Amino acid sequence: MEYWITKIAYYLLTVSIVMVYGLLLSAVIAKTMARVQGRVGIPLYQPFIDIMKNFGNRTAISHGIMFYLGPVFRLAGGLGTLAFIPVIYGSEMFSNFHFAGDILLVMYFIFFGQLGMALGAGEGGHPYSAIGIARGLAQMTSYEVPFALAVIAVVVQYDTASISQIVAAQQGGFMNWTVFTNPFAVAAAMLAFLGMTGYAPFDVVMAPNEIPIGPATEFHSSYLSLMQINRAIFAGAKLVLFMNLFFGGAGNLIELVAKTWAIYMIPVIVGVAFPRFRVEQSVRFFLKIPTLIGVLAIFYVQYIVLK
Amino acid sequence: MKNEDNTFANNGLLPEEMDLFCNARPVPYEPYSIEVVEKFFNWMRANSLWIMAFGTGCGAIELNPLMTSRFDANRYGIQVRPTPRQSSVFVIGGYSSVKTLKRIIRSYEQMQGPKFVLALGICTINGGMYWDSYNTIKRLDHYIPVDVYITGCMPRPEALLSGFFELKRKIKAGECDGANRYVKNLDWYKDNQKRVIKKWDMPDYNW
């Protein structure tokens, strides 16, 4: 019993750290972009104020039970994703609830939040929500293909479906990281990651100027603050997952911040450089080159790495 | 306008549309009873002003420069939200024709309280150059509660920014109670609105 209480306390600590980190990350990115445009930009504490303000709104209307549950499912998706990812390698405190086949559960949880959100946003009844959800699910289905292929390649390569063992297999110098032992898998996964983060050119879900902010159109007050919290946690969880699978994990908090920061800059830099794809362009993109690279990664593992 | 159980009659709707809309009356929400908590939330409301992206008149053109690098309203916590549900500030950009007023009312009622209205330009105060126009309203305060007026035709973006600062000051002081004022005097506001909007084909209160 005491073991579980300690575990849960450690997990809550991890969630708080990842949440604060995710919010600060978004603020720093916004600030950096503002500086590039010659502006001063938001203060770093702005995301915290926004969340608390939404939480403190005096009114919140509901469209039904699923409308309530949408943000809750979304948050459950974020928390669930993080719950099974060991954040820092070799640290008991930040190891979370990892077990032998956690990578499969994590992949399921990445999907889960979006589906819950689809139900909630659907009940909101706004047309933009429905369009955003349809676009989001179509895009998610397509970027899951290269991502799943990359994960399969990694699982085959290290002969384990446990994230902590995958990290353990990459220890002992940076040449052991998956990005150097199996670059094809990492290429496929990073292309899928561009779609996951939802920056341009793959921001078809939120699509500013087209279906402004998409699925979240009807969500406000506390619902919105839940979703903003989840956005930070989910982004952090995905960054940690990618760092664990492909970039050798992190041995301490500083390494964690440095690596996740570097990974996050990839979609940001791609995002400021490209305009938005149309929906069908985005879906087709993932099913062409990234999927082929993913297939190539599996062959590469089978016939070159494991030989 | 009212049913016997104090709900709205929604006379403007077609019979088949009645079930699609809520007919309950809104109720005023009092501030938190603990003063420190209310002040804390007021401080956050003042530093996170989400403008509704609805350009209601010629003055809306003054909003765009605010977001550029010259004025950069972003640093004061001002940002634009595309949906009334998430926004807390409604900037009425100058004259409002009767047709636009209908949309203003719909959007304003869909915003979640506490909500603030910033009236831009002389036309929102007394009609301005549209004083004797047949299809613009003269005094915006008769239709929705206004927190801060910015006069001028057109006010410069600097004037708009100073209006935002005045709004921040009033929010922090706890003086911006427009949402409650609207709800408490709803019948008066609705009478005024229905006097100018002849074709009222929407629910009496847009939840």
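## Salt bridges, rings and a nonpolar patch

Across all chains, the structure holds 19 salt bridges. Please keep in mind that this is a predicted model.

Let us begin with a contact between chains. Arg85(B) and Glu218(A) meet through their side chains in a salt bridge, with N to O at 3.0 Å. Arg85(B) sits in the loop between strand 2 (78-81) and strand 3 (89-93) of chain B, while Glu218(A) sits in the loop between helix 8 (183-197) and helix 9 (221-246) of chain A, so this pair joins two chains. Both Arg85(B) and Glu218(A) are buried.

Within chain B, a salt bridge between the side chains of Arg25(B) and Asp187(B) links distant parts of the chain. Arg25(B) belongs to the segment before helix 1 of chain B and Asp187(B) to helix 7 (residues 186-196), the two being 162 residues apart. Arg25(B) counts as buried because its relative accessibility is 19%, under the 20% cut-off. Asp187(B), at 27%, is partly exposed.

Here are the individual salt bridges side by side.

| Arg85(B) | Glu218(A) | 3.0 Å |

Now to the rings. Over all chains there are 35 aromatic pairs. One of them is Tyr32(B) with Phe41(B): the ring centres are 5.2 Å apart and the planes lie at 20°, so the pair is stacked. Tyr32(B) is partly exposed at 39% relative accessibility, whereas Phe41(B) is buried at 6%. In chain A, ring pairs connect Phe73(A), Phe84(A), Phe99(A), Tyr108(A), Phe109(A) and Phe112(A) into a cluster.

Some rings in chain B have a charged side chain over the face. Arg81(B) lies over Trp50(B), 4.3 Å from the ring centre, and Lys115(B) lies over Tyr108(B), 4.5 Å from the ring centre.

Finally, the surface. Tyr45(A), Met52(A), Phe55(A), Phe40(B) and Trp43(B) make a nonpolar patch of about 510 Å². Helix 2 (46-55) of chain A and helix 1 (35-46) of chain B each supply at least two residues of this patch. Phe40(B), for example, lies in helix 1 of chain B and is partly exposed, at 42% relative accessibility.

Terms used
Residues are numbered from 1 along each chain as its sequence is written. Chains are lettered from A and ligands numbered from 1 in the order in which they are written. This is a predicted model: local features need pLDDT of at least 70, side-chain atom pairs count only at pLDDT 80 or more; totals for chains, interfaces and linings use all residues. Side-chain values use heavy atoms; hydrogens and water are left out. Patches are made of residues with over 30% relative accessible area and no salt bridge: like charges are joined within 9 Å, nonpolar side chains (Val, Leu, Ile, Met, Phe, Trp, Tyr) within 5 Å. Accessible areas come from the Shrake-Rupley method with a 1.4 Å probe; for residues, only the protein chains shown count as cover. A salt bridge is a side-chain nitrogen of Lys or Arg within 4 Å of a carboxyl oxygen of Asp or Glu. Helices (H or I, at least four residues) and strands (E, at least two) are DSSP runs, numbered from the N terminus. Buried means under 20% relative accessible area, exposed over 50%, partly exposed in between (1.4 Å probe, protein chains only). Rings of Phe, Tyr and Trp (its six-membered ring) pair if their centres lie within 6.5 Å; planes under 30 degrees apart count as stacked, over 60 as edge-to-face and the rest as tilted. A charge sits over a ring if NZ of Lys or CZ of Arg is within 6 Å of the ring centre and within 35 degrees of the ring normal.
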